[in-house]
Amino acid sequence: MTTRSLQHVIQSMPTSDGAGVKLRRSIGAQRGLYLDPFLMLDEFGTDNPGDYIAGFPAHPHRGFETVTYMLDGRMQHRDHLGNVGDLGPGGVQWMTAGRGVIHSEMPLQESGRMRGFQLWINLPAAEKMKPAGYRDIPATEIPEHALPGGGSVKVIAGTVDIDGAAVSGPVNGPASRLSTDPLYLDLALPAGARFTQAIGAAHTAFVYAYEGSLSIGDGPAAKAVPRQAAGVLTPGDTVTLTAGPDGLRAVLIAGKPIGEPVVQYGPFVMNTRDEIEQAIRDYNDGTLASAA
Ligand code: FE
């Protein structure tokens, strides 16, 4: 049994995307620097409609998955397949771009708070050109459990072993059977509470605190992770997180590395330059998102 510690920190940087939506990007902020299988993590969080009102008008994706997790606010997704999905507080949209998706993501509100995350998970070569898939997971389908040490966990993907009075045993998130075997947890811990999670030994893992603070590991060896930054973990079987004096809200994310070359051009992520050029041609020809 090896306990994971903090390996390094990827600070988030303010940026904007879509039609000017303000957000903080950690993973993916530096061109060419990925955290296999993760390509990008954006946190958006604002009370100012001017920061989000323009949304993300129609744009393409090819070769990976986008996972949008709303904490506050409402967005609507529309795509070329005719899918329309309303994303509300606590809900997740899991979109597999595969061969191609053209979609828009627009706010369904003109005031109030908009807060959440978008994570990009790469696909292996064998799945990059599969048909697009789309799934809305409302908050009611995401298991939330109290933790014995205080606080609670929401299981979006992967498995958490809950040792509680009401539930004892493994709890599975709704997103499963994916080749990158993702773990995606949203944690709420009171001051000083600890949470230990098993993670596949070869999996890439990181934690991102969006409220409060945390440290990784135990005793004098514990290392603090700054807020609004991705704390990348060393290899190991388990990790123990401890909430700081103001408590903690954080996402803990892990996945199986793909180990293939990554060539990215904006919303297209493939293995070679030729494949990127093909994606651009297909987009310009209007065939990016049509059946092969
Ligand atoms: Fe998109």
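Visitor: Is R177 buried or exposed?
Guide: Exposed. R177 has a relative accessibility of 80%, and the cut-off for exposed is over 50%. Keep in mind that this is a predicted model.

Visitor: Where does R177 sit?
Guide: In the loop between β16 (168-172) and β17.

Visitor: What about its backbone, what is phi of R177 near?
Guide: Phi of R177 is near 55 degrees. That is a positive value in a residue other than glycine.

Visitor: And Q228, what is its phi near?
Guide: Near 55 degrees, again a positive value in a non-glycine residue. Q228 lies in the loop between β20 (223-225) and β21 (229-233). Its relative accessible area is 25%, so Q228 counts as partly exposed.

Visitor: Now the metal. What are the protein donors of the iron ion?
Guide: H59, H61 and H103, each through NE2, plus E105 through OE. They lie 2.1 to 2.7 Å from the iron ion.

Visitor: How are those donors spaced along the chain?
Guide: The pattern is H-x1-H-x41-H-x1-E.

Visitor: What is the geometry of the iron site?
Guide: Irregular. The angles among the four donor atoms run from 82 to 176 degrees. Four donors count as tetrahedral if all angles lie between 85 and 135 degrees.

Visitor: Are H103 and E105 buried or exposed?
Guide: Buried. H103 has a relative accessible area of 1%, and E105 has 8%.

Visitor: Which strands pair with β10?
Guide: Strand β5, residues 56-61, pairs with β10 in the antiparallel sense over four bridges. Strand β7, residues 75-79, also pairs with β10 in the antiparallel sense, over five bridges.

Visitor: Which residues face each other there?
Guide: P60 stands opposite I102 in β10. D79 has H103 as its bridge partner in β10, and H103 is one of the iron donors.

Visitor: Switching to the hydrophobic part. How many residues are in the largest nonpolar core?
Guide: It has 28 residues. Those with the most contacts inside the core are L185, F195, L214, I216, L241 and L252.

Visitor: Which elements give two or more residues to that core?
Guide: β14 (152-157), β15 (159-163), β17 (183-189), β19 (204-216) and β22 (238-255). β22 gives the largest share, seven residues.

Visitor: What does F195 touch?
Guide: Leaving out residues up to four places away in sequence, F195 touches L147, V160, L185, L187, L189, V239, T240, L241 and L252.

Visitor: What lies apart from that core?
Guide: Another core, of 25 residues. Y69, W94, A157 and V232 are among them.

Visitor: Where is Q197, and is it buried or exposed?
Guide: Q197 lies in strand β18, residues 194-198. At 4% relative accessibility, Q197 is buried.

Visitor: What lies 3.0 Å from a polar atom of its side chain?
Guide: The backbone oxygen of T159.

Visitor: Next, N271. Where is that one?
Guide: In the loop between β24 (268-270) and α1 (273-285). N271 is buried, with a relative accessible area of 12%.

Visitor: Which side chain does N271 join in a polar contact?
Guide: That of E260, at 3.1 Å. Beyond four places in sequence, N271 touches A125, K128, E260, P261 and V263.

Visitor: And T46, where is it?
Guide: In strand β4, residues 38-46. T46 is buried, at 13% relative accessible area. Its side chain reaches the backbone nitrogen of N48 at 2.9 Å.

Visitor: What joins D36 and P37?
Guide: A cis peptide bond, with omega about 10 degrees. P37 lies in the loop between β3 and β4.

Methods
Residues are numbered from 1 along each chain as its sequence is written. This is a predicted model: local features need pLDDT of at least 70, side-chain atom pairs count only at pLDDT 80 or more; totals for chains, interfaces and linings use all residues. Side-chain values use heavy atoms; hydrogens and water are left out. A nonpolar core is a set of buried Ala, Val, Leu, Ile, Met, Phe, Trp, Tyr and Cys residues joined through side-chain atoms within 4.5 Å. Buried means under 20% relative accessible area, exposed over 50%, partly exposed in between (1.4 Å probe, protein chains only). Contact means heavy atoms within 4.5 Å. A polar contact is a pair of N or O atoms within 3.5 Å; within protein, one must be able to donate a hydrogen and the other to accept it, and residues adjacent in sequence count only if both atoms are side-chain atoms. Donors are N, O and S atoms within 2.8 Å of the metal (3.2 Å for Na, K and Ca); water is not among the atoms, so sites may look incomplete. Four donors count as tetrahedral if all angles lie between 85 and 135 degrees; four count as square planar and six as octahedral if opposite donors are over 155 degrees apart and all others between 65 and 115; anything else is irregular. Two strands pair if DSSP finds at least two bridges between them.
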